[in-house]
Amino acid sequence: MADEKKLTPMMQQWHEIRAKLADDTLLMFRLGDFYEIFKQDAEWGAKLLGITLTHRHGMPMAGIPFHAADGYIQKLLDQGVKVAICDQVEPPQPGKLVKRQLTRIITPGTRLADTQIDAHRNHFLLALSLNKKILNAAWLDLTTGEFFLASEAKPENLFAAFESLDPREIIVPEHAAEQWTLPHTDPRFRELYTHLGDGRAISSIADYHFDEASGAQSVMEALGVLNLEGFGLDKDHPALGAAGALIHYATETLCAKPENLRKIREYSSERTLLLDPATLRNLEIFKSAANTRHGSLIAAMDATVTAPGARQLERWLGAPEIALAEIQRRQSCVGEFVAAPGLATELQGRLKGIRDIERILGRLQNRMRNPRELGGVRDTLATLPSIAATLLEFPDTPVAAIAERIHHFDSLAKTLDSGLADELPGNIADGGTIRDGFDEALDHTRSLTRDSQKWLAEFEQSEQTRTGIKNLRIRYNGAFGYFIEVTKSNIALVPEDYVRKQTMKNAERYTTDVLKEREREILHAEEKAIAREEVLFNELIAAILEHAEALKETAAALAEVDVFIGWSALAREWDYCQPELDQSDALLIDQGRHPVVEQMMRKERLGLAGTHAFVPNDCRLSSSAETEDAPQIALITGPNMAGKSTYIRQIALIVLMAQSGAWVPARKCQVGVVDRIFSRVGASDELARGNSTFMVEMNETANILNNATPCSLVILDEIGRGTSTYDGLSIAWAVIEHLHPADAAGARTLFATHYHELTQLAKTLHRLENYSVAVKEWNDDIVFVRQVVKGAADRSYGIQVARLAGLPTTVIDRAKIILERLESDDSSHNLLRKRLRKEKSGNDTTDEDDQLALFK
């Protein structure tokens with residue numbers, strides 16, 4: 001108590017506000033033109049921001065300029081630090097403590113400012129709870145108002161969706177979350193949750209915020225409804241607890257209820273093509289192996305020109321469709337733009353002038369109001385009629401149907417055009433937001449201000465004449481108001497009626513009774529003008545928000561148009577075809593190509609021997625093998641670098657693109673709708689979690705074998721290579737047999753391997769067929785043809801590939817000698833049979849001398 005009595009009123013204010021915040025939150029406290037950071041926050045913040053730490057009366061403190069705060073806040077957020085903003089909420093008055101309060105707590109998942117978020121990506125906040133092995137989840141993008149919930153008995157199905165969402169922050173129950181990483185938790189859930197949390201902010205809140213009953217009430221209040229039946233939800237939906245936790249967390253961080261939530265939708269994993277986390281990584285959908293966007297599928301497919309269009313593309317690639325009608329609608333829209341490149345180019349040019357209405361509305365509804373964003377709405381509305389008119393030039397097509405979702409805002413557009421100035425300030429307090437002639441009261445007040453400026457200029461000239469001081473100036477600053485400035489060399493000429501206000505190094509500042517009186521009039525007129533502008537500004541915002549839902553629907557339609565036009569441009573440039581999708585079990589691709597590699601080969605000159613043309617390949621698969629010349633499993637052999645991995649990946653990517661609604665890199669394509677794509681390709685360690693390359697491989701393979709259906713597509717690359725040859729071959733053999741049920745259809749499968757012994761399976765598994773990647777030999781060298789042909793490869797060509805990699809000649813020559821001796825001893829297939837017979841007989845003794853003799 002003694003310490004508290006010594007605190008100044010301002011520091012008492014700081015302590016009261018700081019006590020409400022968690023230890024992991026840094027408080028920025030507004031003092032005039034600075035945000036100050038005190039005590040433990042100052043020591044922490046100065047280190048994170050690289051700013052000077054000072055001490056006053058033994059108390060650590062640091063500060064940043066108010067006008068530069070965005071950059072510093074962004075730097076903290078990028079380091080996973082939550083930032084609380086305490087602002088002055090009334091004008092300072094002499095002798096009185098300024099009222100301050102928390103206005104925002106900014107966390108990684110609740111950013112709103114356009115400087116703090118990636119305009120081209122969604123920004124989801126995710127809440128999770130686990131109830132008797134049933135995973136309940138809700139996710140919310142505060143920047144756009146998108147709100148979802150889901151409940152799933154198979155948590156892996158939802159984690160597949162979460163990986164695509166890429167949530168910026170995860171909210172979990174305080175006590176439950178402590179248990180989720182412990183050994184007694186279900187191993188599969190623990191693995192999925194741990195992987196999802198890697199590199200992401202995780203915030204825990206009290207368990208009672210996840211209560212279903214209170215969650216339902218919170219959601220209804222946030223949406224402004226009496227029940228949830230209009231959204232197809234019951235009040236006892238198990239995921240409403242997680243949804244309520246999101247509402248609570250958003251309200252705490254916004255310091256007010258989120259105002260841009262109008263609907264909540266239920267997500268079902270059964271309505272989309274599922275891509276598990278491993279598949280998203282292995283196929284490099286959103287990030288390449290280098291963990292960058294460059295080299296990913298989304299980068300190759302993104303020809304959008306607006307931020308909402310880029311986000312729409314991300315959503316469609318993360319959750320491809322299984323509904324034929326919607327897939328065909330998207331394909332038809334792309335086809336219309338492919339057939340009319342002139343209109344497509346014209347539309348795309350107009351779309352470039354569209355602002356991000358969805359996120360502007362989110363900021364306006366949540367009290368982040370900037371005059372320039374109103375200008376963005378005005379400029380967008382001016383462009384809408386011409387866009388809608390152009391879309392109607394595609395009569396009786398799905399494109400024309402999109403035009404019907406673009407609303408007319410004639411009255412609002414007229415109001416904004418007449419009310420907003422051409423050049424808008426960044427802050428309403430700067431003045432100049434409202435156009436002259438829009439409001440008589442504002443015009444009158446402004447005329448007083450302008451007349452005063454004219455008077456000041458005339459007064460300066462008259463005083464120069466009266467005093468004989470030619471460099472006398474009338475100036476203004478916030479601390480001293482208006483004053484007359486006279487240089488020291490002219491002080492002798494100062495008249496007696498001048499009253500000194502301030503002494504400077506090279507000048508004196510004065511005032512007069514006349515100037516003081518006029519100052520009061522000027523400042524009062526400026527205050528009145530700003531106050532009136534704020535009233536009019538808020539009225540314009542209210543007018544915009546009256547049309548919020550129609551504006552959002554319009555923005556969604558424009559985003560789709562942006563994606564379709566971008567896809568049509570790709571289809572024309574890269575000669576894509578419109579795939580045929582149906583409910584069959586076939587996957588038939590004629591002259592398919594890898595969409596990413598093909599682009600990179602041309603743009604970055606990849607490839608060998610001076611060729612930059614991608615070699616296309618066919619694919620024919622059928623779950624039941626009833627389609628002619630289409631096995632269920634294609635077993636692919638061939639040397640390293642021949643293109644096996646590229647081939648199997650391209651098939652999966654073509655299917656994903658087709659079910660997203662895009663055209664595909666092929667001459668012809670038929671896809672029987674796929675429910676899930678599984679992949680096990682590449683090698684990666686998870687050493688931090690105690691998982692080796694082989695363990696990761698087995699985890700991913702187990703997920704495939706336990707969840708694949710006859711409607712799934714499976715691609716497997718080098719199963720079993722992370723362990724001994726015999727163990728690996730045995731596992732790969734058994735995996736293939738499991739994927740090939742004797743009396744039922746199986747998942748369409750592409751299996752690439754170096755185990756040539758596996759080709760013998762074609763004799764016993766009637767739905768399996770051998771393929772290989774062709775190579776040509778020339779003077780003990782090999783040339784990669786990149787062509788997938790029927791039949792097994794005769795050799796692995798490992799030594800020739802090693803030579804291409806630059807291994808020393810001595811190593812290559814020695815490897816040839818050893819290979820010849822191994823092959824002369826027996827075929828590897830017979831060696832395997834000998835080894836298995838020996839193990840079966842229980843004879844573990846080995847004649848080491850005989851084995852070593854092979855290498856002498």
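**Exercise 1.** Work out which helices the buried residues of α18 pack against.

*Solution.* Start with the helix itself: α18 spans residues 410–419, and its buried residues (under 20% relative accessible area, 1.4 Å probe, protein chains only) are Leu412, Leu416 and Gly419. They cover an arc of only 75° around the axis, taken from the directions from the helix axis to the C-beta atoms, so they lie on the same side of α18. An α-helix has 3.6 residues a turn, so residues three or four places apart point the same way. Next, turn to the other side of α18, where Asp410, Ser411 and Lys414 are exposed (over 50%). Finally, look for contacts (heavy atoms within 4.5 Å): the buried residues pack against α16 (371–391) and α20 (513–545).

A word on the source: this is a predicted model, in which local features need pLDDT of at least 70 and side-chain atom pairs count only at pLDDT 80 or more, while totals for chains, interfaces and linings use all residues. Residues are numbered from 1 along each chain as its sequence is written, and side-chain values use heavy atoms, leaving out hydrogens and water.

**Exercise 2.** Find the strands at the edges of the open six-stranded sheet.

*Solution.* First write down the order, β11-β10-β7-β8-β9-β12, with mixed pairing (two strands pair if DSSP finds at least two bridges between them; strands are DSSP E runs of at least two residues, and helices H or I runs of at least four). The edges are β11 (201–205) and β12 (265–266); each has a single partner strand, so one side of each lacks a neighbour in the sheet.
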